[in-house]
Amino acid sequence: RSTLKIGLIPADGIGHEVIPAAKEAILALGSSIPKPEFFLLDAGFEYFKRKGVALPEETVQVLKNECDCALFGAVSSPSRKVVGYSSPIVALRKELDLYANIRPVIAVAPTPEEKPNVDLVVVRENTECLYVKQEVLTTGKHGKEARATRLITERASRRIGQTAFDIAVGRPRKHLTIIHKSNVLSVTDGLFRETVRGVPALPESAGRLDDVTVAEQLVDSAVYRLFREPQIYDVMVAPNLYGDIISDAAAALVGSLGLIPSINAGDTFVMGEPVHGSAPDIAGKSIANPLAAIRSAALMLRHLGYGDAAARIENAVDIVIRDGRILTPDLGGSAKTQDVTAEVLKRI
Ligand code: NAD
Ligand code: MN
């Protein structure tokens with residue numbers, strides 16, 4: 001590659017504040033990556049209110065035909081039903097077949113020599129479960145009845161299982177915990193659990209994953225144990241909804257949702273995305289923590305094979321957190337988004 005073509009989709013709320021920070025972090029890398037070329041793209045609820053569509057076809061086409069990768073900010077999806085609106089991030093994950101949502105939750109220890117007290121990766125299935133959004137409302141004898149389809153397929157469970165085992169085998173502890181609720185949902189979660197368990201025995205695994213120790217945990221007690229003894233976890237693999245919830249919960253262990261990055265990864269495309277939403281309570285105040293978005297850029301670069309560049313960004317972020325003087329209010333500081341970004345840029 002001579003250039004790195006990056007789609008930027010700030011979307012809504014603080015997406016517009018944190019995606020520019022991630023862009024600056026990439027630019028600060030200079031010649032250690034191919035020359036970045038950015039494509040600013042529309043999507044989101046604000047765009048929907050203006051244009052009547054949440055994910056314009058042009059955005060999808062530019063991502064598919066022009067871009068090597070992308071960074072997504074956050075969308076404001078209203079909790080009430082809005083006719084014609086459907087979340088563009090959920091649509092993009094499906095449209096680009098970004099089947100794995102990989103969310104590392106890693107605390108920064110007081111000194112680089114110490115081990116962090118939280119160091120885990122949530123691997124979330126990203127295309128099905130309740131997020132297929134097949135909901136119907138009918139009227140029964142006793143009033144309204146709402147039903148949703150929860151789809152779990154062997155194919156999606158197998159590929160997310162493969163992703164999770166691959167990540168686990170590359171980490172020092174090589175430990176994978178399968179999160180499910182198959183004591184109640186024995187058919188759907190049962191299929192997920194069994195399919196993931198079967199990954200090391202697949203011919204394509206070729207014995208490569210035999211060193212990974214496998215545990216499992218029901219999702220409710222998994223959250224309980226996550227808060228009491230987070231060190232028991234290394235890699236956690238979960239169906240879509242549980243993975244969404246567990247990763248937000250895990251964020252509380254390290255201080256703020258504003259720190260947790262993710263990538264949405266498929267076989268041919270990767271999209272970085274902070275785990276947090278559009279944070280309407282703080283949007284427009286320039287106090288959003290940009291570190292989750294900046295770290296998402298690093299994860300995206302590592303996924304594309306630019307591990308050294310990613311490490312430069314991640315080390316710079318760690319130094320700023322460890323130093324503790326210039327942080328946004330979610331971490332107890334009084335700095336602005338731009339101040340924190342500037343601190344990171346200086347250290348890249
Ligand atoms: P949220 O993640 O937006 O905010 C939760 C809390 O964390 C808020 O108090 C917020 O101020 C704080 N927070 C989040 N990111 C922060 C940051 N970078 N810096 C400092 N503080 C931060 O979740 P919510 O309030 O439940 O949802 C708000 C909107 O975001 C909803 O419309 C929801 O649909 C949407 N959402 C979108 C995504 C996405 O785009 N992937 C994910 C989650 C929520
Ligand atoms: Mn979420």
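This note covers a helix pair, a strand residue and a ligand shell in a predicted model.

1. Local features here need pLDDT of at least 70 and side-chain atom pairs count only at pLDDT 80 or more, whereas totals for chains, interfaces and linings use all residues. Residues are numbered from 1 along each chain as its sequence is written, and chains are lettered from A and ligands numbered from 1 in the order in which they are written.

2. Helix H1 (residues 15-27) and helix H11 (residues 337-347) have axes that come within 10 Å and cross at roughly 15°; helices (H or I, at least four residues) and strands (E, at least two) are DSSP runs, numbered from the N terminus, and axes are lines fitted to C-alpha atoms, for helices over the stretch in contact, with angles from 0 to 180 degrees between N-to-C directions. H1 and H11 are therefore roughly parallel to each other (angles under 35 degrees).

3. On the H1 side the contact (C-beta atoms, placed from the backbone, within 7 Å) is made by Glu17, Ala21, Glu24 and Ala25, and on the H11 side by Thr337, Thr341, Val344 and Leu345.

4. Val121 lies in strand S5 (residues 119-125) and counts as buried because it has 22 C-beta neighbours inside 10 Å, the cut-off being 20 or more other C-beta atoms within 10 Å of its own. Leaving aside residues up to four places away in sequence, Val121 touches Ile102, Arg103, Pro104, Ile167 and Val235.

5. Ligand 1 is surrounded by 21 residues, of which the closest are Ser77, Gly258, His276, Gly277 and Asn289 (C-beta atom, placed from the backbone, within 6 Å).

Methods: Parallel < 35°, antiparallel > 145°, perpendicular 65-115°, else oblique. Contact = placed C-beta atoms within 7 Å. Buried ≥ 20, exposed ≤ 12 C-beta atoms within 10 Å, placed from the backbone.
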